[in-house]
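Here are a few exercises to work through with the model open in your viewer. Try each task before you read its solution.

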Amino acid sequence: MSKLLSPIQIPHLSLDNHVVLSPMCMYEVKKEDGIVTPFHHAHYGARALSKVGLVIIEATAVDPDGRITNQDLGLWNDMQKEGLAELVSLLHGFGTKVGIQISHAGRKAMDAQRPLGPSAEAFNESYPVPHEMTLSDINKIKQAFIDACQRADEAGVDMIELHGAHGYLLSQFLSPLVNQRKDQYGGSLENRYRFVKEIVIAVRAVFKGSLWMRLSLTDFEDEKRQNSIAEWQQIGQWLEADGIDCLDISTGGLLDKKPTIPIYDGYQVPFAAAMKQAVNIPIATVGLLDNPTLCEHILQMGEADLILQGRAMINNVNWLAEAAVALHDSTFTAYNGSYQRGIK
Ligand SMILES: Cc1cc2nc3c(=O)[nH]c(=O)nc-3n(C[C@H](O)[C@H](O)[C@H](O)COP(=O)(O)O)c2cc1C
């Protein structure tokens, strides 16, 4: 039996295998009301039927102005919670565990009426200049995170991932490249971590499921200007102490910049492995992991504990069944006998 397709138990979550659907915005909320649509039922339902261990529903905004676009999902009201609860129930019925990524886009909220950021600097010239968040804005958005996570809990999710990567609001606070604040939320690493810390501790108090956070471990900038790997490891240790159960390690998205690191299959794994050395909680890795043999190698070498699949599972809903063939894993069983007949 392969490690990839065998069960895994992590804090507050047991999964049938080590494969996770990475959160991916579908921009399918055409009514702009943040509510789950039939598209989401079909899209996530099909992936649940593929036997993926955990589905992470796309970045879901805590506030209307926290959406990347107005076609994003939201969780700032109870109608949205009811829509999510129906989706979670459908996916649970297909046997998968369900998580959701909770997010605020900050200065990358393209359609926001009043975009917010730690400092008043735009992502680039086609984005609006955000309002530097006042202490009242900070408290309001913190509460919005807590309320959205409470709604996700009431909707029945097994896992919540706080989006702390890709240049969205939480990562904007963490980075000295974007956070120019002079108050207790800016300056030192400890101060830049404060907003995230307060959210994590408050969410941990209301959510008993598995609480994850996604981080970008490089912004493709000079090591002296961006957070260094040692500083990210420090943040990882603080997150562990504050109640995070798993870290999902990605890169980039903070600045309008192309990657300056080599891009190859598994290119983000070294960042996951670096975080794994610093903490005692499980680490998820993501990015160009289409090859099942590479995924198995990463798990066997202990470089990461979970494998997230993004584009590979947009492209190929049968990724797990094909991985079982590639890994000669005869223990994998498809959703039902008819699907099993499709595995050659
Ligand atoms: C269409 C699309 C939407 C995405 N939306 C999100 C998102 O909502 N949240 C997030 O953290 N990452 C998002 N990502 C990044 C993916 O989760 C993943 O990290 C990235 O695609 C690399 O993994 P892959 O090579 O397996 O695709 C998105 C990627 C794609 C292609």
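Let's call a residue buried under 20% relative accessible area, exposed over 50% and partly exposed in between, using a 1.4 Å probe and protein chains only. Helices (H or I, at least four residues) and strands (E, at least two) are DSSP runs, numbered from the N terminus. This is a predicted model, where local features need pLDDT of at least 70 and side-chain atom pairs count only at pLDDT 80 or more, while totals for chains, interfaces and linings use all residues. Residues are numbered from 1 along each chain as its sequence is written, and side-chain values use heavy atoms, with hydrogens and water left out.

**Exercise 1.** Work out how many residues of H7 are buried, and what covers them.

Solution. Step one: go through the helix, residues 269-278, and pick out Val269, Phe271, Ala272, Ala273, Ala274, Met275 and Ala278 as buried. Step two: that is seven of the ten residues, so H7 is largely enclosed by the rest of the structure. Step three: look for the cover, which includes strand E10 (210-216), helix H6 (229-242), E11, E12 and H8. Contact here means heavy atoms within 4.5 Å.

**Exercise 2.** Find the strands that pair with E12, and trace the chain between them.

Solution. Start with E12 itself (residues 283-286): Ile283 and Thr285 point one way, Ala284 and Val286 the other, and all are buried. Next, the pairing, which takes at least two DSSP bridges between two strands. E11 (residues 246-250) runs parallel to E12 and is joined to it by three bridges, with leucine 247 opposite isoleucine 283. The chain gets from E11 to E12 through H7, in a right-handed β-α-β crossover. Right-handed means that, with the strands pointing away from the viewer, the path from the first strand over the helix to the second runs clockwise. Moving on, three bridges also link E12 to E13 (residues 306-309), again parallel, and valine 286 has leucine 308 as its bridge partner in E13. With helix H8 (residues 292-300), E12 and E13 make a right-handed β-α-β unit.

**Exercise 3.** Is glutamine 113 buried or exposed?

Solution. First locate glutamine 113, in the loop between strand E6 (97-103) and strand E7 (116-117). Then check its relative accessible area: 74%, so glutamine 113 is exposed.
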